[in-house]
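Hi,

Here is the structure I promised to pass on. Have a look at it first, and then read on for my notes on its charged side chains.

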Amino acid sequence: MADWDRPSTSDNASVVSAALETTNEETSKPEFSEDEEILIAKMYNLVGERWSLIAGRIPGRSAYEIEKYWNSRYSENKGDNLD
């Protein structure tokens, strides 16, 4: 069997590295500027949880990023202690 038929270990390392980066991006807290935070809060007060509508007002941001930011920052269950 020729060497090109088998994936090299460097290819596998690249795939694992890319997967870890994606996981870290998904679990890390999104970074937003102060202007973006203010706009998100104002838009949320106007339209509620219509994340795609809010994201449409902030270039380069997805509805998922906006929702994730909002939930990490303003979630009702954040910091509640059930003891």
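Is Glu65 buried, exposed or partly exposed? Glu65 has a relative accessible area of 27%, so it falls in the partly exposed class, which sits between under 20% for buried and over 50% for exposed. Bear in mind that this is a predicted model.

Let's start with Arg61. Its side chain pairs with that of Glu36, with 3.0 Å from N to O. This pair links distant parts of the chain: Glu36 is in helix α2 (residues 34-47), while Arg61 is in the loop between α3 (51-55) and α4 (63-74), 25 residues apart. Glu36 and Arg61 are both buried.

Arg61 also forms a salt bridge with Glu65, and here the closest N and O atoms are 3.7 Å apart. That puts Glu36, Arg61 and Glu65 together in a network of salt bridges.

Then there is the salt bridge between the side chains of Glu37 and Arg73, at 3.2 Å from N to O. Glu37 belongs to helix α2 and Arg73 to helix α4, so this pair ties together parts that lie 36 residues apart in sequence. Glu37 counts as partly exposed, at 22% relative accessibility. Arg73 counts as partly exposed too, with a value of 35%.

Cheers

Technical notes:
Residues are numbered from 1 along each chain as its sequence is written. This is a predicted model: local features need pLDDT of at least 70, side-chain atom pairs count only at pLDDT 80 or more; totals for chains, interfaces and linings use all residues. Side-chain values use heavy atoms; hydrogens and water are left out. A salt bridge is a side-chain nitrogen of Lys or Arg within 4 Å of a carboxyl oxygen of Asp or Glu. Helices (H or I, at least four residues) and strands (E, at least two) are DSSP runs, numbered from the N terminus. Buried means under 20% relative accessible area, exposed over 50%, partly exposed in between (1.4 Å probe, protein chains only).
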